Amino acid sequence: MANQKYQGYEVYIDGLLLPFAPPSIEMSIGANNETATLLNNAEINILKNPKLTEISFEARIPQEQYPFAHKLVPAKTYLDKFESLIVNKRVFKLVVVRTLGSKKLFGTSMDVTLENYDITEDAEEGFDLLVKLEFKKYVPFGTNFKNYNKKRKRTI
């Protein structure tokens, strides 16, 4: 394994690469089903569309270059990005690339919104920031309009 190329995760938030892969990524994918009781007291499950996927992880944002980290980007760049995504109500891509050596395992690319982020500064972490990020899948929606004003031939 020592001769193996880079392996691990790359996480992009709106195109901005995190300096480290988070130690864990949680994805919550839940059903939105309902149960009902019939007149005979039998219970049934009414299947509905799933809930929106929720993703959360903690990102370490360093203030100095580590040999095992991606290129150092100022912490303010990340903090400004996170604030902008929430304040401007932006939908963006969250991309997770998983690799093992030169082999790409599988990836995740999802339109999401940033729902919440918490910044922790802890003396035990030096000058690094720990940012807990929570995302929710975005599904576009809207009203479909149909044009019914087409001329129709009348039949008598």
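Trainee: How many cavities of 30 Å³ or more does the count give?

Mentor: The count comes to one cavity of 30 Å³ or more. A cavity is a set of points, on a 1 Å grid over the protein atoms alone, where a 1.4 Å probe fits but cannot get out. Its volume is the space filled by probe spheres set on the points, which are joined across faces, edges and corners. This is a predicted model, in which local features need pLDDT of at least 70, side-chain atom pairs count only at pLDDT 80 or more, and totals for chains, interfaces and linings use all residues. Residues are numbered from 1 along each chain as its sequence is written, and side-chain values use heavy atoms, with hydrogens and water left out.

Trainee: Which residues line the largest cavity?

Mentor: The lining, meaning residues with an atom within 4 Å of a point, consists of Ile 25, Met 27, Ile 55, Leu 94, Val 96, Arg 98 and Thr 108. Strand β7 gives the largest share, three residues. Strands are DSSP runs of E, at least two residues, numbered from the N terminus.

Trainee: Why is Ser 56 called buried?

Mentor: Buried means under 20% relative accessible area (1.4 Å probe, protein chains only). Ser 56 has 15%, and is therefore buried. Ser 56 belongs to strand β6 (residues 54-61).

Trainee: What does Ser 56 touch, not counting residues up to four places away in sequence?

Mentor: Contact means heavy atoms within 4.5 Å. Ser 56 touches Ser 24, Ile 25, Glu 26, Lys 132, Leu 133 and Glu 134.

Notes. Helix = DSSP H or I, 4+ residues; strand = E, 2+ residues; numbered from the N terminus. Buried < 20%, exposed > 50% of the residue type's maximum accessible area, 1.4 Å probe, protein only. 1 Å grid on protein atoms, 1.4 Å probe; cavity = no way out; pocket = protein on both sides within 12 Å on 5 of 7 lines; lining within 4 Å.
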